[in-house]
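Biologist: I have a structure open and would like to learn how to read it. Where do we begin?

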Amino acid sequence: MRVDRWQKQLQTALDASSSKRDGDDAELRVHLIGIGGAGLSAIAHVLLERGIRVSGSDRQQSERTRRLAAAGARIFGRQGAEELTGLPAGERPDVVLISSAVDETNPERQAAQKLGIPIVRRESFLRPLLAGRDVIAVSGTHGKSTTTAMIVQTLHASGCDAGYIIGADLPGFGNAHAGTAAAFVIEADEYDRMFHGLTPMVAVVTNVEWDHPDCYPTPTSFVDAFRQFVAQVRAEGCVVSCGDDPGAEALRTGRPAGGGPAWLTYGLHDRCDVQAAGETVDASGGYAAAVRVEGNSIGCLQLQAPGIHNLRNALAALTAARRCGVPAAQILASLHQYTGIGRRFEMKGTRRGVTVVDDYAHHPTEIQATLAAARNCFGERRIWAVFQPHTFSRTRAMLHKIACSFDNADTVLVTDIYAARESGDRAMAAAEVASSSAHPSIRHSGDIEETSALLHTEVTAGDVVLTLGAGTSHRIGETLLERLGTDD
């Protein structure tokens with residue numbers, strides 16, 4: 001495989017930082033376009049901790065960019081050519097890392113091309129960044145961030161200073177850390193084929209269900225990407241997959257015969273290597289279950305995080321952590337302490353008897369799982385599902401499934417679509433979701449401000465407002481709480 005100059009520089013800088021972490025002496029400069037995003041902000045934190053000079057730009061300032069600036073990154077609040085062309089030759093970056101949302105029309109990317117600076121995506125950058133680490137890579141259509149966070153918390157509770165990159169903030173940990181241990185836990189994102197840049201020691205597959213039609217036009221292309229990912233697991237390593245999920249099971253049963261890494265399954269089915277049995281749910285929606293490994297009991301798993309999907313996520317984390325040598329009793333104790341991460345069934349607050357919860361769910365399966373967890377948590381209270389569709393391509397491809405996902409909600413509001421990197425009529429696309437649903441109380445509610453205002457006039461004490469989406473839907477609940485707080 002060809003090794004570019006910047007890759008050699010990165011490895012040299014990382015090797016040097018093992019004994020000295022002084023950014024002023026770093027010989028590599030990395031510039032990240034879209035540095036405020038979940039993926040790139042995490043990489044930037046790891047680079048900064050390793051003493052590498054980091055700069056970056058983002059169109060919107062955020063808590064992530066503020067934290068990066070405080071950690072020593074040079075942050076630009078816009079994406080223009082001047083950020084690169086205005087630098088003296090000796091201060092220009094050696095490599096530019098771009099997010100998936102940065103296309104060829106981006107002026108900063110165009111400037112880097114004219115200056116001859118290598119431009120790479122996460123897939124290419126992660127190979128040298130994680131070279132020599134024992135990578136625990138968590139993949140899957142759903143549950144990646146939560147499972148990654150559970151593993152990170154468990155390893156650190158056991159005394160292992162593992163590095164990590166998570167797609168959300170874990171309280172007390174943030175979203176990234178370089179770590180001093182060999183272990184490095186990473187959320188292995190399938191979008192833009194990021195996870196193809198990894199060579200894991202342990203690969204977790206939580207589930208395989210078609211998503212990202214803009215990147216994978218057919219279900220087959222999506223499955224093929226996962227097949228390539230598990231094929232990259234080190235021969236002495238292990239694949240950990242959900243035995244309850246048809247897509248993950250198809251990967252396992254369809255793998256080439258003979259050789260390769262070990263393969264362990266987890267789930268509720270009795271054929272799984274690691275099984276939860278006799279599961280019960282408490283009043284707050286958290287699950288408890290006995291855990292058996294190859295038929296032998298190793299203790300009881302008790303979760304605060306609600307939803308049966310989180311029981312499976314916890315089993316995945318337990319299986320991976322045991323593979324890393326953490327005793328079962330320590331793992332079970334750590335998982336009991338896990339309370340969640342940002343934007344995953346996150347309790348935003350209660351005002352005037354109205355409870356607001358926010359969740360990242362944007363795929364039909366995620367919406368159904370989150371609403372089921374909400375029903376377990378809140379019983380007969382009226383649940384408002386406020387859904388912000390995410391991208392035109394996903395909404396078109398999954399329209400029927402999305403429209404049928406709201407059974408556990410009493411009232412459904414569909415906001416204007418979050419287009420992300422795509423374009424189209426945002427209001428019309430959202431209205432189509434509402435009109436395609438057979439739910440007895442569903443309607444299009446407009447943009448963020450209009451939706452928040454509508455809720456303010458219609459919610460009553462005892463109601464639960466659950467905002468759903470991977471875009472800016474969290475702002476609806478936050479604005480609603482502000483308005484309720486100013487009521488007389």
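**Reading the model**

Modeller: Begin with a pocket. In the second largest pocket, E1, E2 and E3 each supply at least two residues of the lining. Keep in mind that this is a predicted model.

Biologist: How is such a space found?

Modeller: Rolling a probe the size of a water molecule over the atoms shows where empty space is left. Here, the second largest pocket has a volume of about 280 Å³.

Biologist: Which residues lie nearest the centre of the second largest pocket?

Modeller: Arg29, Arg53, Val54, Ser55 and Arg74 do, out of 17 lining residues. By class, that lining holds seven nonpolar, five polar and five charged residues.

Biologist: How many cavities of 30 Å³ or more are there?

Modeller: The count is one. The largest cavity has a volume of about 30 Å³. Its lining is made by Ile98, Ser99, Ser100, Arg121, Arg122, Glu123, Asp192 and Met194. Four of these residues are charged, two are polar and two are nonpolar.

Biologist: Now the sheet. What is the order of its strands?

Modeller: Read across the five strands: E3-E2-E1-E4-E5. The sheet is open, and its pairing is parallel.

Biologist: Why is one side of E3 and of E5 left without a neighbour in the sheet?

Modeller: Strand E3 (74-76) and strand E5 (119-120) stand at the edges, so each has a single partner strand.

Biologist: Show me one pair. How many bridges join E1 and E2?

Modeller: Five bridges, in the parallel sense, link E1 (residues 29-33) with E2 (residues 53-57). Look at histidine 31: opposite it stands serine 55 in E2.

Biologist: Which strands does helix H2 lie across?

Modeller: Helix H2 (residues 38-49) lies across E1, E2 and strand E4 (95-98). H2 runs at about 165 degrees to E1. Helix H6 (residues 122-129) also packs on the sheet. H6 touches E1, E4 and E5, and its direction makes about 120 degrees with that of E4.

Biologist: And how do I read two helices together?

Modeller: Two packed helices are described by the angle between their axes and the distance between the axes. Take helix H10 (residues 308-323) and helix H11 (residues 328-337): the angle is about 145 degrees, and the axes are 10 Å apart.

Biologist: Is the crossing of H10 and H11 left-handed or right-handed?

Modeller: Right-handed. H10 brings Ala314, Ala317, Leu318, Ala321 and Arg322 to the contact, while H11 brings Ile331, Leu332 and Leu335. Seven residues of this contact are nonpolar, one is charged and none is polar.

Technical notes
Residues numbered from 1 in each chain as written. Predicted model: local features only at pLDDT ≥ 70, side-chain atom pairs only at ≥ 80, totals over all residues. Heavy atoms only, no water. Pairing = 2+ DSSP bridges. Helix = DSSP H or I, 4+ residues; strand = E, 2+ residues; numbered from the N terminus. Contact = heavy atoms within 4.5 Å. Axes fitted to C-alpha atoms, helices over the stretch in contact; angles between N-to-C directions. 1 Å grid on protein atoms, 1.4 Å probe; cavity = no way out; pocket = protein on both sides within 12 Å on 5 of 7 lines; lining within 4 Å. Points joined across faces, edges and corners; volume = space filled by probe spheres on them. Nonpolar A, V, L, I, M, F, W, Y, C, P; charged D, E, K, R; others polar. Left-handed = near helix turned anticlockwise from the far one by under 90°.
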